[in-house]
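Q: I am new to this structure. Could we go through how to read its features, one at a time?

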Amino acid sequence: MEFVSNCTADVITNAAQALKNGHLVAFPTETVYGLGADATNEKAVSRIYSVKGRPVGHPLIVHISSINKLDQWATNTPDYAIKLAREFWPGPMTLILPRTNLAKDYITGGQNNVGLRVPSQPIALALLKSFEDLGGQGVAAPSANRFGAVSPTTAEAVGEELGVYLDSKDLVLVGEKCLVGIESTIIDCTNSLPTILRPGAITSTQIENIVNFKVKNNVDNLIKTSGIFDKHYSPKAKIILDQKPLPGQGYIALSKFITPKGSIRIAAPKNNKEFAQMLYSALRICDQLGLNHVVIKQPKGEGISIAVRDRLKKAANNY
Ligand code: TXA
Ligand code: MG
């Protein structure tokens, strides 16, 4: 595996060519780092599963460079989904839509629908455009972590997670720390009304404002999406929610809460947005420090804090 730091146009073209040649390219997005493969190359896609240690049949999100590529992968797209794509792409939103023949079972896990996303991070967008210029159709990319582990928000974290599993010709594109910090909002658009399958930075209120009707929230009742397994987004340290930490335990809470005596303050985000941004790197720090327990005071309220609480519940194995 090679880390590529200076993502010039030439570097991006080489990375796109590496994807075309069947190699894996990890890249930054505004949410978390993704582990990319040519979404039409079954062999390359199968390597995503082995590198992540992910169970086969767990569907992958296909990343495309713009809404103009949507029709290659999706069909019978409802009007409300087009509205959402126009409003929130490029951005931290994945739409689940009825698939075309291009989306094979090895992408969709045998389901008749496909997850699509246009990320906004400049390196990600440039890579996708360059890949499409070379004749590519889309890049399948789950979060670039081992299955069940914490998603990486830095290139360094990708190296820690997957370094030993990647081949010499696979690449890791180095970008800035991910701005959003938690994975995209996933919206099921295969029915007459949209359903949120995974909360994220694009909130149900934002979605309702665009589609003009109430959005169902299926976060507690997922089929084949994040969170159906016992362990997810989990560090080695045990996560305890909303209790007083004991001396020697880690502590993550908004900066307005003081550090209880004897506990080890890992992060003190100023607001809920910053909480999301730094959550995964804070969980990694707990493991680097070898902490056995970390107490997290959950952020309250609406907006992105809903997504933060969703990840925390799953990480604490507490849902
Ligand atoms: O922000 C993100 O979405 C990141 C970046 C890299 O784009 N990607 C990401 O992928 O989080 P992943 O594979 O770690 O999580 C995507 C979730 C998985 O739980 C998967 O099962 C679900 O989305 N998913 C993908 N395609 C689906 C489909 N067709 N139907 C239902 N769920 C799907
Ligand atoms: Mg993931």
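A: Start with exposure: a residue is buried under 20% relative accessible area, exposed over 50%, and partly exposed in between (1.4 Å probe, protein chains only). This is a predicted model, in which local features need pLDDT of at least 70 and side-chain atom pairs count only at pLDDT 80 or more, while totals for chains, interfaces and linings use all residues. Residues are numbered from 1 along each chain as its sequence is written, chains are lettered from A and ligands numbered from 1 in the order in which they are written, and side-chain values use heavy atoms, with hydrogens and water left out.

Q: Is Asn 76 buried or exposed?
A: Asn 76 counts as exposed, because its relative accessibility is 67%. Asn 76 belongs to the loop between helix 3 (70-73) and helix 4. Helices (H or I, at least four residues) and strands (E, at least two) are DSSP runs, numbered from the N terminus.

Q: What is the phi of Asn 76?
A: Most residues other than glycine have a negative phi, and most peptide bonds are trans. Asn 76 is a residue other than glycine with a positive phi, near 50°. Asp 242 is not a glycine either, and its phi is positive, about 60°. Asp 242 sits in the loop between strand 12 (238-241) and strand 13 (250-252), and is partly exposed at a relative accessible area of 43%.

Q: Which residues does a cis peptide bond join?
A: The cis bond joins Trp 89 and Pro 90, with omega about -5°. Pro 90 is in the loop between helix 4 and strand 5 (93-98).

Q: Which residues of helix 2 are buried?
A: An α-helix has 3.6 residues a turn, so residues three or four places apart point the same way. In helix 2 (residues 42-52), the buried residues are Ala 44, Val 45, Arg 47, Ile 48, Tyr 49, Val 51 and Lys 52. They pack against strand 3 (34-38), helix 5 (105-108), strand 7 (139-140) and helix 7 (155-162); contact means heavy atoms within 4.5 Å.

Q: What is found at the ends of helix 2?
A: At the N-terminal end, Asn 41 is the cap, with a side-chain oxygen 3.1 Å from the backbone nitrogen of Lys 43. A polar contact is a pair of N or O atoms within 3.5 Å; within protein, one must be able to donate a hydrogen and the other to accept it, and residues adjacent in sequence count only if both atoms are side-chain atoms. After helix 2 comes Gly 53, with a positive phi near 70°.

Q: How do helix 1 and helix 6 pack?
A: Two packed helices are described by the angle between their axes and the distance between the axes. Axes are lines fitted to C-alpha atoms, for helices over the stretch in contact, and angles run from 0 to 180 degrees between N-to-C directions. Helix 1 (residues 9-20) and helix 6 (residues 122-133) have axes 8 Å apart, at an angle of about 60°. Helix 1 is therefore oblique to helix 6; angles under 35 degrees count as roughly parallel, over 145 as roughly antiparallel, 65 to 115 as roughly perpendicular and the rest as oblique.

Q: Which residues make the contact of helix 1 with helix 6?
A: Helix 1 contributes Ile 12, Thr 13, Ala 15, Ala 16, Leu 19 and Lys 20, and helix 6 contributes Ile 123, Ala 126, Leu 127, Ser 130 and Phe 131.

Q: What is the angle between helix 9 and helix 10?
A: The axes of helix 9 (residues 272-288) and helix 10 (residues 304-315) cross at roughly 30° and come within 8 Å. Helix 9 is therefore roughly parallel to helix 10. Among the residues in this contact are Phe 275 and Leu 279 of helix 9 and Val 308 and Leu 312 of helix 10.

Q: Where is Thr 153, and what does Thr 153 touch?
A: Thr 153 is in the loop between strand 7 and helix 7, and counts as buried at 2% relative accessibility. Leaving out residues up to four places away in sequence, Thr 153 touches several residues, including Thr 31, Glu 176 and Tyr 280.

Q: Is Ile 266 buried or exposed?
A: Ile 266, in strand 14 (residues 264-267), is buried, with a relative accessible area of 14%.
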